[in-house]
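Subject: Structure handover

Hello,

Here is the structure I said I would pass on. Please look it over before you set anything up with it.

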Amino acid sequence: MPRNLDLRHVISPAVRDLIELANLDNFDRARDQITRLRGCTRPVNLIGHTHTRNAATDETIRSYSTSDEPTGRLLTTCGNRRASRCAACSRTYAADTYHLVRAGLCGGKDVAETVRTHPRVFLTLTAPSFGPVHNRPATKDGKPHACRCGDHHPEDAPELGTPLAPRTYDYTGAVLWNAHAGALWARFTLNLRRALAAHFHITQKDMKQLLRVSFAKVAEYQKRGLVHFHAVVRIDGPDGHTSAPPAWASVDDLTYAIRAAVRRTALTVTSDTVGDHEIRWGSMLDVQEITALGDGELTDAAVAGYVAKYATKSAEDCGTVDRSLICVACSGRGHVPGDVLAECPECEGTGHAEPFEDLRVQAHVRQMIRTSWTLGGLPEFVDLKLCKWAHMLGFRGHFSTKSRTYSTTLGALRDVRRAWRLAQADAARARAGHSVPAPDTVLITESSWAYLASGYRPGEELLANQTRHNINQARDDKERAKTEGEVWQ
């Protein structure tokens with residue numbers, strides 16, 4: 001065998017890049033950056049610097065520049081909440097949402113534990129019917145009945161949620177309902193306050209001096225491609241979670257007002273092309289009291305976990321895609337920017353990033369996407385931006401929202417995490433013999449950052465995969481140990 005045989009042509013690009021990384025002056029630092037991302041799928045690459053100094057002495061407290069990194073750049077997490085896009089960042093988002101919701105139920109995170117005594121309910125609002133679909137209707141004893149088609153569908157049947165008669169299904173109404181679901185919720189919260197005031201026989205102005213309604217909600221897609229909302233709704237004092245509600249306000253009063261507001265809430269969408277549509281909530285309404293921790297099935301922790309679970313899901317859970325379908329080259333217009341007569345060569349004038357017929361989705365979902373795109377081209381629906389949100393089947397609202405005084409905020413939770421990291425860095429400086437500023441020291445920070453790219457180098461992707469494997473293995477071991485412990489008990 002020849003001694004000088006060159007095997008570089010048979011080594012994969014990822015392995016070659018990993019070898020280059022390993023030959024860097026500080027490979028441990030390059031690997032530490034990737035490990036710190038905890039398996040983020042598509043990190044953001046930044047270049048720049050930040051310097052923090054003492055305003056009184058001009059002493060440099062902290063200094064960082066990407067020019068000192070082995071790869072010349074800083075990797076930061078993408079922060080995507082979608083589990084289908086980034087499992088690592090979605091877990092962080094779900095954990096933050098859990099703590100946000102739970103703080104508004106039983107205290108913590110600068111919210112007093114007395115909030116647990118406030119009247120609160122767990123509310124589920126659904127979309128109306130736009131035509132019969134395949135389902136698994138259940139009896140009171142939990143056993144499923146036969147579907148209208150005559151079959152008993154299993155839980156994972158692909159036809160669940162699809163129309164029994166696609167030709168008569170109201171796809172236009174379904175897409176318009178998704179597009180206006182956020183506005184319908186806003187109108188509902190307004191009517192809820194009005195209903196409470198009427199129920200207590202006081203004016204809305206006087207009610208503001210006595211109590212307020214706080215909430216946190218998430219949106220979830222049903223199998224039929226329509227969103228519905230899960231929400232924690234609570235009665236507080238006039239200052240929100242920091243003040244107690246009046247003693248005469250109860251869960252029964254809140255439940256009554258919710259049902260009244262649901263019946264009253266409606267929006268009218270006018271169109272000369274497709275006709276007028278009235279947007280209302282569906283008949284499936286569920287309002288349950290939330291009990292104190294450990295006092296029932298619908299407890300603080302159970303509700304917080306339920307809400308957090310759906311905060312990281314998206315439309316792809318009902319069978320659609322998790323990416324925009326607008327052609328990037330022409331922004332969905334179908335023609336070259338600045339020249340309406342020149343057909344876009346990328347999409348051949350369709351405006352689609354990819355042909356709809358090539359999407360690996362069910363016919364029902366594909367028809368909702370087509371309907372969204374068609375309606376988005378009508379002048380009366382330009383403001384809805386339905387082409388942009390066609391992959392979301394028309395829904396364009398936030399997946400999780402809350403009222404101002406419900407509890408803490410996601411930003412506050414991230415600030416706490418950032419402060420903890422800075423405290424850890426200062427502790428490391430102190431151990432190394434460097435001076436650490438006093439808590440009341442005035443600091444000046446100067447920063448300059450620029451976006452470079454997204455994603456990993458091929459060799460870095462191998463390290464990221466190993467990090468994901470280690471994290472998943474540790475999680476599986478923890479769950480296995482927990483299960484075995486419960487069995488032995």
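Below are the notes on what was found in it.

Basis

This is a predicted model, so local features are reported only at pLDDT of at least 70 and side-chain atom pairs only at pLDDT 80 or more, while totals for chains, interfaces and linings use all residues. Residues are numbered from 1 along each chain as its sequence is written, and side-chain values use heavy atoms, with hydrogens and water left out.

Overall

The C-alpha atoms occupy a box of roughly 80 × 60 × 60 Å along the principal axes. The chain has 10 helices and 13 strands; these are DSSP runs numbered from the N terminus (helices H or I, at least four residues; strands E, at least two). Of the 489 residues, 43% are buried. Buried means under 20% relative accessible area, exposed means over 50%, and partly exposed lies in between, with a 1.4 Å probe and protein chains only.

The sheet

Five strands form an open sheet in the order β9-β4-β6-β5-β12, with antiparallel pairing. Two strands count as paired if DSSP finds at least two bridges between them. At the edges are β9 (285-289) and β12, each of which pairs on one side only. Neighbouring strands are turned by 15 degrees against each other on average, direction ignored.

Strand β5 (residues 212-221) is mostly covered, with nine of its 10 residues buried. On one pairing, β5 runs antiparallel to β6 (residues 227-236) over 10 bridges, and S214 has R234 of β6 as its bridge partner. These two strands make a hairpin with five residues between them, and G225 in the turn has a positive phi of about 90 degrees. β5 also pairs with β12 (residues 400-402), again in the antiparallel sense, over three bridges. There, K217 is bridged to T401.

Helices

In helix α2 (residues 27-36), the buried residues include F27, A30, Q33 and I34. They sit on the same side of α2 because they cover an arc of only 125 degrees around the axis; the arc is that of the directions from the helix axis to the C-beta atoms. R38, which follows α2, has a positive phi near 55 degrees.

For both, axes are lines fitted to C-alpha atoms over the stretch in contact, and angles run from 0 to 180 degrees between N-to-C directions. Angles under 35 degrees count as roughly parallel, over 145 as roughly antiparallel, 65 to 115 as roughly perpendicular and the rest as oblique. A crossing is left-handed if the near helix is turned anticlockwise from the far one by less than a right angle, and right-handed if clockwise.

- Helix α4 (residues 171-199) packs against helix α6 (residues 251-264) at an angle of about 125 degrees, with the axes 8 Å apart. The two are therefore oblique to each other, and their crossing is right-handed.
- Helix α3 (residues 87-106) and helix α9 (residues 410-431) have axes that come within 10 Å and cross at roughly 115 degrees. This pair is therefore roughly perpendicular, and the crossing of α3 and α9 is right-handed.

Neither is glycine, yet phi is positive in each: near 55 degrees for K109 and near 70 degrees for D110. K109 is partly exposed, at 43% relative accessible area, whereas D110 is exposed, at 80%.

Cysteines

How many disulfides are there? The count is zero, where a disulfide is a pair of cysteine sulfur atoms within 2.5 Å. For C147, the nearest cysteine sulfur is that of C149, 3.7 Å away. For C327, the nearest cysteine sulfur belongs to C330, also at 3.7 Å. C147 is buried, with a relative accessible area of 5%, and C327 counts as buried at 5% relative accessibility.

L443 is in strand β13 (residues 443-454) and is partly exposed, with a relative accessible area of 34%.

Regards
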